[in-house]
Amino acid sequence: MGKVFDAAEVAKHNTPSSCWVVLYGKVYDVTDFLAEHPGGSKIILKLAGKDATEEYDPIHPPGTLEENLKPEACLGNIDPETLPKPTAEKTESEEQKESLPPVQAMLNMDDIEELATKKVSRKAWAYYYSASDDKASKSFNTQVYRQILLRPRVFIDCTNCDLSTSLLGHKVGVPIYVSPAAMARLAHPAGEAGIAEACRSFGAAQVISNNSSMTPEQIVEGAAPDQVFGWQLYVQIDRKKSEAMLARINKLDAIKFIVLTLDAPVPGKREDDERSSTIGESLPVPSAVKERKRSADGTPDVSQAAGGVGKTLFAGTDPSLTWNETLPWLATQTKKPIILKGLQTHEDAYIASHYTAQVKGIILSNHGGRALDTAPPAVHTLLEIRKYCPQVFDKIEVWVDGGIRRGTDVVKALCLGARGVGIGRPPLWGLGAGGVEGVKRTLQILSDETATCMRLLGVQRVEDLGPQHINTRIVEQQIFDGPSGLDTTPAVLKSKL
């Protein structure tokens, strides 16, 4: 541990048979870890022999090194004087960033996203912005709200407006919650803890991503006593890893529920993200469950590349989850309420409503358009449930996310029966645009717009919003109009009914 290395000596170890990297001023031999890295060996080899701290730090929570590397992998320290020196002169890009307007001047989500795009790295932009294939679902998630018309009533006292409501019995200040979105520190060093700080100011709930760039303990550390958090679960092929994480989550009282994500059992093809990973290389599209291979000489097969941040994060995720196996397993691992995220049909909502011993809510979501392109927006699924099995709303809480850009969108979702309305990308753009203050500005804009919409409709309380306040005729022409499927669905439910 006492040895000090010269950067030139480290640079020689840049092959699959001898791979060293510098992290936080220390030199690590990661040769044996190449084949085990969830994102594939190629992503490490690109940084072999170099200081990888800048690339590594925003993506990996503290403790990751200790969990994955043996103590002897740390060979010693790097002589900082031998590392390349940062240029003292400001680049043209840095000067442009300093001339950008303050986040408080931003008036809507588009303004904030545009500002953030000018400030964050190309990698961060590509990961946050990307969606699957042609991004049709991502676009339609927003467009569909424009097709719903509002029905304002007049001669109603609209002096007061109360945005407070409850989620799973916990009082929150606004019906808007932060959806799980990974890698917040790519946007700003404040990361997910910064989002939590902003949520505290508004009494908003926050679902912590399974792939957060900070530990759950760090994120909830400064929480208010009544602040509401959920934790997203991607079940791993190695169930022991998921069980160990759930054991940690069970000890955190601030985390009130578990969100089991189901809409992305394998990663979608996010081309913007993949392009940002490698320019000019032919990228494979590996399965999330593909086992890492070694070539004939025993060294890792460097063709196993992740193809972007998104695919890297999905490595190791279990695609074999089922109603009758996964839910009973999860019930043995936690007593916290379970919410199922990613339901996209009324049939699955109906099935979920029969598992109320474990499942207390569902989130209608197509993963922000990042999984299956042309999958339906949450609005369509809300309307399907209202048409085919409205009793679901009485049995479990129904939340939505995807495409929310205005307070009017929030109100329309609430009118259709949603209890909570999630925002995923907007807090990340807010973080990139102005750190914690940028996220606060995001929540302020959406809260103010929601209150204005409710006042102009003649509604004082969230619970008073309903279908009578909207006209959905245009959208109703687009929703599924086949057989209900509820008579065949019980094939899954035989053990329940």
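Student: At what angle do helix H7 and H19 pack?
Tutor: In this predicted model, H7 (residues 122-129) packs on H19 at an angle of about 165°, and their axes are 10 Å apart. Because angles over 145 degrees count as roughly antiparallel, H7 is roughly antiparallel to H19.

Student: Is the crossing of H7 and H19 left-handed or right-handed?
Tutor: H7 passes H19 in a left-handed crossing.

Student: Which residues meet there?
Tutor: From H7, Trp-125, Tyr-128 and Tyr-129 meet Arg-425, Leu-428 and Trp-429 of H19. By class, this contact of H7 with H19 has 5 nonpolar residues, no polar ones and 1 charged.

Student: And how do the axes of H6 and H19 cross?
Tutor: The axes of H6 (residues 109-119) and H19 cross at roughly 170° and come within 10 Å. That makes H6 roughly antiparallel to H19. Residues making the contact include Met-109, Ile-112 and Leu-115 of H6, and Trp-429, Ile-445 and Leu-446 of H19. The residues of this contact of H6 with H19 divide into 9 nonpolar, 4 polar and 3 charged.

Student: Turning to H9, what does it span?
Tutor: Helix H9 has 12 residues, 191-202, and reaches 18 Å from its first C-alpha to its last, close to the expected 16 Å.

Student: What do the buried residues of H9 pack against?
Tutor: They pack against strands E9 (176-178), E10 (206-208) and E11 (229-233), and against helices H10 (216-220) and H19 (425-457). Among the buried residues of H9 are Glu-192, Ile-195, Cys-199 and Phe-202.

Student: What comes just after H9?
Tutor: Gly-203 follows, with a positive phi of about 65°.

Terms used: Residues are numbered from 1 along each chain as its sequence is written. This is a predicted model: local features need pLDDT of at least 70, side-chain atom pairs count only at pLDDT 80 or more; totals for chains, interfaces and linings use all residues. Side-chain values use heavy atoms; hydrogens and water are left out. Helices (H or I, at least four residues) and strands (E, at least two) are DSSP runs, numbered from the N terminus. The expected span of a helix is 1.5 Å times one less than its number of residues. Buried means under 20% relative accessible area, exposed over 50%, partly exposed in between (1.4 Å probe, protein chains only). Contact means heavy atoms within 4.5 Å. Axes are lines fitted to C-alpha atoms, for helices over the stretch in contact, and angles run from 0 to 180 degrees between N-to-C directions. Angles under 35 degrees count as roughly parallel, over 145 as roughly antiparallel, 65 to 115 as roughly perpendicular and the rest as oblique. Ala, Val, Leu, Ile, Met, Phe, Trp, Tyr, Cys and Pro count as nonpolar, Asp, Glu, Lys and Arg as charged, and the others, Gly among them, as polar. A crossing is left-handed if the near helix is turned anticlockwise from the far one by less than a right angle, and right-handed if clockwise.
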